[in-house]
Amino acid sequence: MSDANLSDWPTSLQESVADKNQFNLEVESERKLCELCDYLYFSEGELHFHSNELGEMSFNFEELYQYHQRQNYALSKEPLAKALAIKGTAEKRMIWDTTCGTGKDSLLIQFFGARLTSFERNPAIYLLLKDALRRFPLDFNLVFGDASKLDIIVRPEVIYYDPMYPSKKKSALARKEMRIFKDMVGEDLDSNEFLEWAMKTATERVVVKRPLEANPIKEKPSASYVGKSTRYDMYKIF
Ligand SMILES: C[S@@+](CC[C@H](N)C(=O)[O-])C[C@H]1O[C@@H](n2cnc3c(N)ncnc32)[C@H](O)[C@@H]1O
């Protein structure tokens with residue numbers, strides 16, 4: 001992965017890629033046209049990912065936030081809020097979204113009301129998220145890395161986990177953004193170990209997002225909350 005001219009990037013993003021060992025991103029020192037590779041580039045005030053095969057992707061939190069503002073959610077009816085036990089009280093729960101991805105679930109969790117920290121271990125996705133937050137700041141901490149490998153100072157009450165699962169078939173109709181995202185991230189093959197760690201780390205509950213038809217990653221959830229296309233399996237910590 002490369003960027004043609006890092007000096008065009010906002011300072012906060014430049015600082016993030018300064019530690020190349022941490023990010024393992026190749027940064028090209030000179031602008032050059034690259035017809036056959038995937039790369040990040042900064043243009044028209046935002047960071048984009050260019051997939052040679054699939055096209056362009058960047059994240060936009062403003063549109064999403066405005067969409068949620070129009071929805072009039074009742075927390076007692078929303079499967080995600082119920083699974084995370086967000087009740088809209090003044091006392092916000094400490095939640096870790098350990099699989100930030102496109103940031104859509106993080107944004108919704110933050111919108112419902114939480115003290116949220118979100119983790120992303122894919123360096124290119126992390127930079128796209130960081131740029132989306134630079135353009136539209138939201139009240140959650142974004143951390144680069146695998147939550148299960150970092151030193152923990154305070155254990156969260158709730159851990160939310162949404163691993164990338166193998167899709168049954170390649171749908172030509174899948175939205176372009178989702179196809180690029182899946183291509184970048186691949187599959188999360190460490191779900192079982194991660195869940196073991198999550199169960200030892202959360203103080204109150206672990207919530208795992210699954211496709212409706214999929215088996216739970218770990219048997220016997222304490223409860224499952226079903227949405228239109230997904231299910232949230234909740235494991236209570238005793
Ligand atoms: C299915 S996507 C999550 C989608 C996300 N819920 C959303 O709203 O877009 C999984 C994401 O989590 C990241 N990920 C998977 N396991 C992780 C871990 N242990 N620590 C940090 N990030 C992880 C992957 O790189 C990928 O971006």
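**The sheet and its neighbours**

I traced an open sheet of 7 strands, in the order β6-β5-β4-β7-β8-β10-β9, with mixed pairing. β6 (140-144) and β9 (223-226) stand at the edges with a single partner strand each, so one side of each has no neighbour in the sheet. From one strand to the next, the twist averages 20 degrees.

Conventions, for my own record. This is a predicted model: local features need pLDDT of at least 70, side-chain atom pairs count only at pLDDT 80 or more, and totals for chains, interfaces and linings use all residues. Residues are numbered from 1 along each chain as its sequence is written. Strands (E, at least two residues) and helices (H or I, at least four) are DSSP runs numbered from the N terminus. Two strands pair if DSSP finds at least two bridges between them. Axes are lines fitted to C-alpha atoms, for helices over the stretch in contact; angles run from 0 to 180 degrees between N-to-C directions. Contact puts C-beta atoms, placed from the backbone, within 7 Å.

β9 pairs with β10 (residues 230-236) in the antiparallel sense over 4 bridges. Ala-223 has Met-234 in β10 as its bridge partner.

Then the helices. α6 (residues 123-135) packs on the sheet and touches β5 (115-120) and β6. The direction of α6 makes about 155 degrees with that of β6. α8 (residues 191-201) also packs on the sheet, touching β7 (158-161), β8 (205-211) and β10. The direction of α8 makes about 165 degrees with that of β7.

Conventions. Two residues are in contact if their C-beta atoms, placed from the backbone, lie within 7 Å.
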